[in-house]
Amino acid sequence: MSSIVVTGATGRLGRLVIERLLATGVPAGTIAAVVRDEEKAADLAARGIELRVADYGAPQTLTTAFRSGDRVLLISGSEVGQRVPQHTAVVSAAQAAGVAQLAYTGVLGGPGADFELAAEHKATEQAILDSGLPYTFLRNGWYTENYTEHLATVLEHGAVVGNTGEGRIASATRADYAAAAAAVLTGDDHLGRVYELSGDTAWSLAEYAAEIAKQSGRDIAYTDVPAEAHLRILTGAGVPEAFAAILVDVDHAIGRGRLAGGSGDLARLAGRPTTPLADTVAEALAHH
């Protein structure tokens with residue numbers, strides 16, 4: 001029997017997709033979770049979800065991950081620099097199995113995204129097109145949590161730092177993107193479709209700093225710094241240099257309007273407005 005298959009199922013996005021599928025009435029027995037570590041997925045198995053153990057980095061393990069007729073969500077891997085061979089291995093396994101749909105979480109802008117972080121996503125989309133598989137491209141914009149997860153540092157230093165200039169970011173929460181993914185895995189008219197996914201409202205880092213200041217009662221401001229200075233700050237804080245360079249490059253892309261979104265696809269697929277920035281800030285402050 002074919003299933004709805006979620007890869008990277010113990011990751012933060014993967015878990016939220018599974019929660020959303022269950023919440024919308026998909027029977028647990030028709031969901032399969034592709035995981036590297038069975039123990040980490042024990043809670044999913046306990047709910048009746050089938051576990052398929054496989055690793056993007058070990059192609060031979062992927063031969064049993066998919067079955068004919070499966071609808072598969074390929075959540076992009078977290079190992080920047082390794083993603084093209086890893087994703088290509090998944091695409092090959094899905095092609096060999098004869099899956100009915102391969103949905104992929106790429107990046108806003110697709111082939112037009114001119115920043116370093118997008119390169120692996122563009123190569124993956126091309127591999128999927130070359131495979132001839134029925135596909136759906138979910139080009140995810142930024143997660144609001146990319147920012148709110150670092151709230152402690154912001155509060156400690158009284159500053160949000162970046163090199164975005166006045167660029168705007170149409171972010172949304174992981175749960176928002178998960179709702180869109182669940183919709184394309186369960187709906188009927190998403191094959192061969194490309195969705196540019198972003199939050200309903202774009203904001204600048206100055207507005208983000210102002211929102212934190214308003215809610216925390218603290219003095220927080222946005223400090224725009226040159227790229228070289230930002231790189232030094234990030235590496236000084238322990239971010240590996242190669243990844244710090246990617247983050248600085250993304251800020252440049254934000255400055256060029258590349259993550260400002262605006263298609264409305266995400267809210268349409270999720271069936272509700274995306275989560276406002278203020279709500280995600282409030283949640284992060286409550287946990288701080």
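In the predicted model, Arg268 and Asp265 pair through a salt bridge, with N and O 2.7 Å apart. Both residues belong to helix α11 (residues 265-270); they are 3 residues apart, so about one helical turn separates them. Arg268 counts as exposed, because its relative accessibility of 58% is over 50%. Asp265, at 13%, counts as buried.

The structure holds 16 salt bridges. One of them joins Arg12 to Glu149, the closest N and O atoms lying 2.9 Å apart. Arg12 lies in helix α1 (residues 12-23), whereas Glu149 sits in the loop between α5 (145-148) and α6 (151-157); the pair therefore ties together parts 137 residues apart in sequence. Arg12 is exposed, at 52% relative accessibility. Glu149 is partly exposed, at 40%.

A salt bridge also forms between the side chains of Arg67 and Glu50, at 3.1 Å from N to O. Here, distant parts of the chain are linked: Glu50 is in strand β3, and Arg67 is in the loop between β3 (50-53) and β4 (71-74), 17 residues apart. Arg67 is partly exposed at 38% relative accessibility, and Glu50 is partly exposed at 25%. Glu50 and Arg67 belong to a network of salt bridges that also includes Arg52 and Asp70.

Helix packing was examined for α8 and α12. Helix α8 (residues 205-216) packs against helix α12 (residues 277-287) at an angle of about 50°, with the axes 10 Å apart. The two helices are therefore oblique to each other. Their crossing is right-handed. Helix α8 contributes Tyr208, Glu211, Ile212, Gln215 and Ser216 to the contact; α12 contributes Leu277, Ala278, Val281, Ala282 and Leu285. Of these contact residues, 7 are nonpolar, 2 polar and 1 charged.

Note on methods: Residues are numbered from 1 along each chain as its sequence is written. This is a predicted model: local features need pLDDT of at least 70, side-chain atom pairs count only at pLDDT 80 or more; totals for chains, interfaces and linings use all residues. Side-chain values use heavy atoms; hydrogens and water are left out. Axes are lines fitted to C-alpha atoms, for helices over the stretch in contact, and angles run from 0 to 180 degrees between N-to-C directions. Helices (H or I, at least four residues) and strands (E, at least two) are DSSP runs, numbered from the N terminus. Angles under 35 degrees count as roughly parallel, over 145 as roughly antiparallel, 65 to 115 as roughly perpendicular and the rest as oblique. A crossing is left-handed if the near helix is turned anticlockwise from the far one by less than a right angle, and right-handed if clockwise. Contact means heavy atoms within 4.5 Å. Ala, Val, Leu, Ile, Met, Phe, Trp, Tyr, Cys and Pro count as nonpolar, Asp, Glu, Lys and Arg as charged, and the others, Gly among them, as polar. A salt bridge is a side-chain nitrogen of Lys or Arg within 4 Å of a carboxyl oxygen of Asp or Glu. Buried means under 20% relative accessible area, exposed over 50%, partly exposed in between (1.4 Å probe, protein chains only).
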